[in-house]
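Please look at the structure below.

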Amino acid sequence: MAKSFFLVGPSATGKTAVLNKLKDDFSIRDMDTIINCNKEYTLEEAEKVISEIIKNSTKVIATSVSKPFIQKVGEIKTNKDLLKKDNSVVVIYLQTASKDKHLERLNMMPSVGKMRPPSAIAHAGETLKTLDPLFRTIADHIILVDDLSVDQVADLVRKIIITQPSQVKDKEQQVQTLTKEKYLRKTKEIEGKHWASAGSRWKYHELAANWVGKLNIENPKKVLEMGTMGVSIVEGSETMDYDTSLNNRDWEITGFRPTFVHDARSLPWPFVDKQYELLISLRVFHHLVPVQAECFREARRISQNIILVVPDTSVHPRGIDRNSMIEWNDGADPIEEYRFDGQLGHCYLF
């Protein structure tokens with residue numbers, strides 16, 4: 001099991017409240033009692049703080065807006081020499097994607113301290129713009145808190161801690177995922193109507209690639225990707241798509257042939273139970289009307305995990321709302337999720 005877990009996020013995402021829910025299960029500590037939020041940390045200073053935390057066997061740490069310290073945590077997580085010293089931390093990001101709900105929480109009485117003054121609330125809204133990209137970059141797990149209670153968030157954090165692998169495999173042992181350089185090259189080569197918006201689409205491809213990296217999958221053939229349009233998240237994965245020559249020649253890609261030619265709307269899918277460790281479907285499920293629920297259950301049947309990107313009902317007539325997803329998932333919340341603004345969609349890891 002990993003040595004320590006850092007619970008990060010902007011103000012009013014419930015970090016302290018979650019710590020209180022976990023205190024009977026794990027050794028916890030509020031980072032604000034350890035670090036100076038206004039200090040500019042060097043790599044050596046941040047390493048010393050982390051080493052002391054691990055030495056004291058603290059399992060869960062919470063911190064909020066200490067951007068300089070969090071930046072150094074990110075550097076430590078990618079520094080092989082420092083990781084050899086066992087400076088192993090798992091970062092769990094409590095994310096807010098709704099400005100209205102974040103503002104509502106900021107105006108509530110915090111778990112610790114007094115009501116926030118208007119100036120602090122305004123500042124928190126501004127700092128979120130810079131903190132969110134940073135937290136997403138270093139996060140091992142992302143929990144979208146906007147529609148969850150403190151108990152639900154605490155349960156998800158507890159699940160991450162308990163199920164965290166004992167060690168992270170070397171990159172040589174993991175599947176290779178899509179990089180921005182490869183993505184831009186491939187989409188430029190393919191061109192066409194779909195990839196005219198390649199620039200904005202990279203956002204959810206990047207998130208999916210990051211999530212794949214956390215699952216420690218060794219064999220690319222244990223990954224099935226649907227509707228890739230010629231660009232797979234995992235190198236060497238198996239792919240499934242319908243016959244574009246019969247369905248929609250606008251989406252036909254010269255030289256691309258899926259592993260399996262099958263229309264997902266034709267049920268059941270031609271796979272045995274749990275044939276795959278992961279199924280990836282990016283902006284496909286809103287095309288599967290009227291059998292979206294049945295297709296989701298097929299995805300659950302054939303794969304241990306699922307990564308989906310779908311537009312929400314609020315922005316697309318064939319979109320899928322979060323509650324429907326949870327209902328189809330037998331009432332279980334997604335492991336992680338992220339909501340993009342506009343048409344890009346809501347991203348789920350089940």
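**Salt bridges and a helix pair**

At a relative accessibility of 45%, Asp155 counts as partly exposed (buried is under 20% relative accessible area, exposed over 50%, partly exposed in between, with a 1.4 Å probe and protein chains only). The model is predicted: local features need pLDDT of at least 70 and side-chain atom pairs count only at pLDDT 80 or more, while totals for chains, interfaces and linings use all residues. Residues are numbered from 1 along each chain as its sequence is written, and side-chain values use heavy atoms, with hydrogens and water left out.

Asp155 forms a salt bridge with Arg158, with the closest N and O atoms 2.8 Å apart (a salt bridge is a side-chain nitrogen of Lys or Arg within 4 Å of a carboxyl oxygen of Asp or Glu). The two are 3 residues apart in helix H7, so about one helical turn separates them (helices are DSSP runs of H or I with at least four residues, strands are runs of E with at least two, numbered from the N terminus). Asp25 joins Asp155 and Arg158 in a network of salt bridges.

Arg158 also belongs to the contact between H1 and H7, where Ala17, Val18, Lys21 and Leu22 of H1 meet residues of H7 including Val150 and Arg158 (contact means heavy atoms within 4.5 Å).

By the salt-bridge rule the count comes to 12. One of these pairs Arg105 with Asp146, at 3.4 Å between the closest N and O atoms. Arg105 lies in helix H5 and Asp146 in the loop between strand E5 and H7, 41 residues apart. Both Arg105 and Asp146 are buried.
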